[in-house]
Amino acid sequence: MLDKLENLFLGSVDKSLLFVIMSLLFLGLIMVYSASLPFPTDNERHLFWNQMRGHPLHLFLGLLILSFFLLVPTEVLRSLSGALFALGLGLLLCVALLQFFGGQEFMRDGAVRSIPFGSITLQPAELMKFFAILFAAAYAIRRNERIRDSLIHGIAPIGSLMVVLITLLLYQPDLGSTIVITLTVGAILFLGGMNLRVFVPLFLGLCSFFVLMIVITPWRLQRLVSFVTPCDQEFSATSGYQLCAALLAFGNGGLLGTGLGTGVAKLDYLPLPHTDFIFAVIGEELGFVGISIVLAGFYYLIKRSIEIGRTAMSQDRIFAGLVAQGIGFWIGVQAFIHAGVNTGILPTKGLTLPFISYGGSSMLVVCIAMGVVLRIDMENKFYLKNE
């Protein structure tokens, strides 16, 4: 009976959504390869595996874990939401301890964000993006009456946990993940029934907090000032050089791009072209047409996630609905911030582009999330057939 049920489920996978997910993943494989092309004198990195830094393995594992989560009922995720959130906090605490006791030994790009396990690393902040969605969705259902009417009684329990989470993230420091997770949790609580009288003061308070974090941190404030005119002589060699190089890459790409592998910005002009600035590499090599197709893919993915969530909520499957919409919101916010930073719409902030940027933890988490969204859609169709 269970085998028949799962066969029915697997036959109802949203093929259009799956096609978009696979397209973005394989575009990422191509662009990470292109963004990592070595200099002619760098013989060691001419080896494919060294050049790709294990990205094909990340993709393979991501597809495996996506397939696995097609078989995990959403009620199982709901029952584990609290334990997974606690696990995420524990892993973030481990990162904080590594930074406190290890110092420079574990520092990468001015921060300690990963836990090393031999030759591989785990970045808990990426896992926490998904765990926080599950926890917030379960909390919104469990405390529904309170979040509707009371800022103190409704928000204080999850708010205190969020303060711990934010503190651990900012200690790394990782303001980008802090913003993404906080906005996503707020959106889920609002969709879960939070009253505007509760939501508006909370939202304004969070905005004030993030502005304060920028103002009191000299290097963040410098980035904010320089992003208006990053290519001015005053900033082009300091806080504005990343954005200036990205804008030059877009300008070089034009409408149709220079062609795959032929961009020059990645040749030691553009920092982190395979992660934080891969959108600029796409703009240079595939042009305006290429980035428009990528953004259209993200638009469809976000739109379908929200539609799947709304369908689940119409069937009174509130947890599943909040999770699907939360995942859509998270992917949308992170993709917008990444694209905004690369194009100069937003101040420079390091965030990967979901599905496309290099990063094992990021790849695994977005594949888990998409497996869950596809599972929720399959459950929607199953319940619709059995009404």
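Modeller: A polar contact is a pair of N or O atoms within 3.5 Å; within protein, one must be able to donate a hydrogen and the other to accept it. Keep that cut-off in mind. Note too that this model is predicted.

Start with Gln-334. This residue sits in helix α14, which covers residues 318–343. Is Gln-334 buried or exposed? Its relative accessibility is 1%, so Gln-334 counts as buried. The cut-off for buried is under 20% relative accessible area.

Now look at its partners. The side chain of Gln-334 makes a polar contact with the side chain of Lys-129, at 2.9 Å. Gln-334 also touches Val-180, Leu-351, Thr-352 and Pro-354, when residues up to four places away in sequence are not counted.

Helix α9 spans residues 175–191, and helix α10 spans residues 196–215. Their axes lie 11 Å apart, at an angle of about 175°. Angles over 145 degrees count as roughly antiparallel. Therefore α9 and α10 are roughly antiparallel to each other. Which residues make the contact? From α9 they include Leu-175, Ile-179, Leu-183 and Phe-190. From α10 they include Leu-196, Phe-199, Phe-203 and Phe-210. By class, the contact of α9 with α10 has ten nonpolar residues, three polar ones and no charged ones.

Finally, turn to a loop. Ser-12 lies between α1 (2–11) and α2 (15–35). With a relative accessible area of 14%, Ser-12 is buried. Leaving aside neighbours within four places in sequence, Ser-12 is in contact with Asp-377, Met-378 and Lys-381.

Definitions and conventions: Residues are numbered from 1 along each chain as its sequence is written. This is a predicted model: local features need pLDDT of at least 70, side-chain atom pairs count only at pLDDT 80 or more; totals for chains, interfaces and linings use all residues. Side-chain values use heavy atoms; hydrogens and water are left out. Helices (H or I, at least four residues) and strands (E, at least two) are DSSP runs, numbered from the N terminus. Buried means under 20% relative accessible area, exposed over 50%, partly exposed in between (1.4 Å probe, protein chains only). Contact means heavy atoms within 4.5 Å. Axes are lines fitted to C-alpha atoms, for helices over the stretch in contact, and angles run from 0 to 180 degrees between N-to-C directions. Angles under 35 degrees count as roughly parallel, over 145 as roughly antiparallel, 65 to 115 as roughly perpendicular and the rest as oblique. Ala, Val, Leu, Ile, Met, Phe, Trp, Tyr, Cys and Pro count as nonpolar, Asp, Glu, Lys and Arg as charged, and the others, Gly among them, as polar.
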